[in-house]
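Open the model in your viewer and keep the sequence panel beside it. The stops below say what to select next and what is there.

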Amino acid sequence: MKGKGKGKKNKGMKIAEEATNKIDCVTKLGAKGPFEFDNCGLSYYCCSTAGVTIPESLKEQAEGGKAVDKPEAGDLVFFDTIGKGEINYVGVCVGNGKMVHAPGSGKMVKEAEFVNNTYWVPKFKFAKRYWS
């Protein structure tokens with residue numbers, strides 16, 4: 001992850017760091033932290049703690065932000081995991097083609113590769129940046 005300036009972290013890096021700190025927290029539908037999360041609750045919490053304001057709902061998160069072609073640490077990555085042409089999942093990019101995400105109620109927040117992964121690649125739709 002690249003920072004802006006010597007020894008400084010940009011907000012994207014802060015978002016990614018917060019997401020990484022939440023690995024192994026419990027996932028629970030509708031939860032927005034600080035120790036339980038659903039997928040959009042995790043993105044909302046990580047952005048909020050880094051001082052970046054984003055919408056709470058998945059739909060609004062997907063509609064807002066600035067579209068980016070190459071996701072960087074702190075960007076939100078959006079997926080259609082059920083193949084109905086609708087965004088139904090979000091993760092927090094932590095750099096190097098990886099994301100932290102909340103996979104489903106009762107499971108644990110975890111890190112996963114989404115760039116070279118046969119499960120995630122066909123489901124990936126776009127990435128958005130809320131930080132600058």
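Select Asn 96 to begin: this residue sits in the loop between β5 and β6. Strands here are DSSP runs of E with at least two residues, helices are runs of H or I with at least four, and both are numbered from the N terminus. Asn 96 has a positive phi of about 55 degrees although it is not a glycine. Its relative accessibility is 73%, so Asn 96 counts as exposed; exposed means over 50% relative accessible area, buried under 20%, and partly exposed in between, with a 1.4 Å probe and protein chains only. Most residues other than glycine have a negative phi, and most peptide bonds are trans.

This is a predicted model, in which local features need pLDDT of at least 70 and side-chain atom pairs count only at pLDDT 80 or more, while totals for chains, interfaces and linings use all residues. Residues are numbered from 1 along each chain as its sequence is written, and side-chain values use heavy atoms, with hydrogens and water left out.

Asp 24 is not a glycine either, yet has a positive phi of about 80 degrees. With a relative accessible area of 53%, Asp 24 is exposed.

Now select Gly 33 and Pro 34, which are joined by a cis peptide bond with omega about 5 degrees. Pro 34 belongs to the loop between β1 (26–27) and β2 (36–37).

Turn to the sheet. Six strands form an open sheet in the order β3-β8-β4-β5-β6-β7, with antiparallel pairing; two strands pair if DSSP finds at least two bridges between them. At the edges are β3 (66–68) and β7 (110–113), each with a single partner strand, so one side of each has no neighbour in the sheet. Within the sheet, select β4 (residues 76–79) and β5 (residues 89–95), an antiparallel pair with four bridges. Val 77 stands opposite Gly 91 in β5.

Helix α1 (residues 11–21) lies across β5 and β6 (98–101), at about 110 degrees to β5. Helix α2 (residues 39–49) packs on the sheet and touches β4, β5 and β6, its direction making about 45 degrees with that of β5. Contact means heavy atoms within 4.5 Å; axes are lines fitted to C-alpha atoms, for helices over the stretch in contact, and angles run from 0 to 180 degrees between N-to-C directions.

Finally, show the whole chain, which has three helices and eight strands. Buried residues make up 45% of its 132 residues.
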